[in-house]
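Morning, everyone. Please have a look at the model on the screen, and then I will walk you through it.

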Amino acid sequence: MESSSARSGGSTRREATRQKLYEAAVTLIAEQGFSATTVDEIAERAGVAKGTVYYNFASKSVLFEELLKHGVGLLTASLKEAAERTAAEGGGKVDALDAMIRAGLVFIDRYPAFTQLYVAELWRTNRAWQSTLMVVRQEAVAVVEGVLREGVAAGEFSEEIDVQLTAAALVGMVLVAALDWKSFQPERSLDDVHAALSRLLQGRVSGRV
C-alpha cells in the first residue's frame with residue numbers, strides 16, 4: 001500500500017494538473033466558445049497529453065461542469081471568509097456586505113475570463129450542467145442572504161427588505177459592474193470601483209445617505 005505521504009503527494013500533483021486544465025479550458029472557451037474548443041486544444045494549452053484530460057475528466061462537458069463548480073466554490077469561499085473576518089473584527093452587517101463586495105471584486109480581478117463565462121452560462125438553459133450551475137450559484141447567493149437575515153434580526157436592516165432578491169441583486173451588481181470595469185473602464189483601480197459600489201450599498205441597503 002502507498003504511504004500517506006505518497007498518497008498526499010499524488011493528490012497534490014493531480015490537483016495541480018486539474019488546475020492547469022481548468023485554466024486552459026476557461027481561457028480557450030472565453031476566447032472561442034465552448035463548442036469550438038476541443039480537448040486537444042485544452043491539452044495543448046495546459047501542456048499535458050490528451051489522455052491526461054480524460055484521466056481527470058470523462059469528457060469536455062464534465063471538465064466544464066467541474067470548472068464551474070470549482071470557480072464558484074472559490075468565489076463562495078472568499079465571500080464567507082470576508083464576512084467571517086469582518087465579524088471577528090467587530091464589524092456590523094453593512095461592513096460585512098461591504099467586505100464581501102470587495103472580495104467579489106478581487107476574485108473577478110483575478111479570474112476575469114471565468115467570471116465572463118459564468119455570467120454567460122447563467123442565461124443559457126440548454127446546457128447539461130445547468131442544474132449544477134443553479135446549485136453553486138445559490139450557494140454563493142446564500143452567503144449574502146445569511147448576512148442580510150442576520151442584519152434584519154439585529155435591527156441593522158429594515159424588515160421590509162426582500163432578502164432573496166436583495167442578495168441576488170448585490171451579487172449581480174458586483175458581477176456586472178466588475179465585468180463592465182474590466183471590459184470598458186480598465187483604467188479604473190479596484191479601490192475606485194469598490195468605493196463606487198460601497199456608496200450604493202451604504203445608501204440603498206443600509207439606508208444611510
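Start inside. Leu 75, Leu 79, Leu 97, Met 100, Ile 101, Gly 104, Val 144, Leu 170, Val 171, Val 174 and Leu 175 line the largest cavity. A cavity here is a set of points on a 1 Å grid over the protein atoms alone, where a 1.4 Å probe fits but cannot get out; lining residues have an atom within 4 Å of a point. The volume of this cavity is about 130 Å³. That is the space filled by probe spheres set on the points, which are joined across faces, edges and corners. How many cavities of 30 Å³ or more are there? The count is one.

A word on the source. This is a predicted model: local features need pLDDT of at least 70, side-chain atom pairs count only at pLDDT 80 or more, and totals for chains, interfaces and linings use all residues. Residues are numbered from 1 along each chain as its sequence is written, and side-chain values use heavy atoms, without hydrogens and water.

Now the domains. The assignment, automatic or from a database, gives domain 1 (1–57) and domain 2 (66–202). Ten residues of domain 1 and eight residues of domain 2 make the contact, meaning heavy atoms within 4.5 Å.

How much area is buried between domain 1 and domain 2? About 800 Å², with 75% from carbon and sulfur atoms. Buried area is the accessible area (1.4 Å probe) lost on putting two parts together, summed over both. In domain 1, Tyr 22, Val 26 and Phe 34 lose the most area to domain 2, together 57% of what that side buries.

How values were computed:
On a 1 Å grid over the protein atoms alone, a cavity is a set of points where a 1.4 Å probe fits but cannot get out, and a pocket is an open set with protein on both sides within 12 Å along at least five of seven lines; lining residues have an atom within 4 Å of a point.
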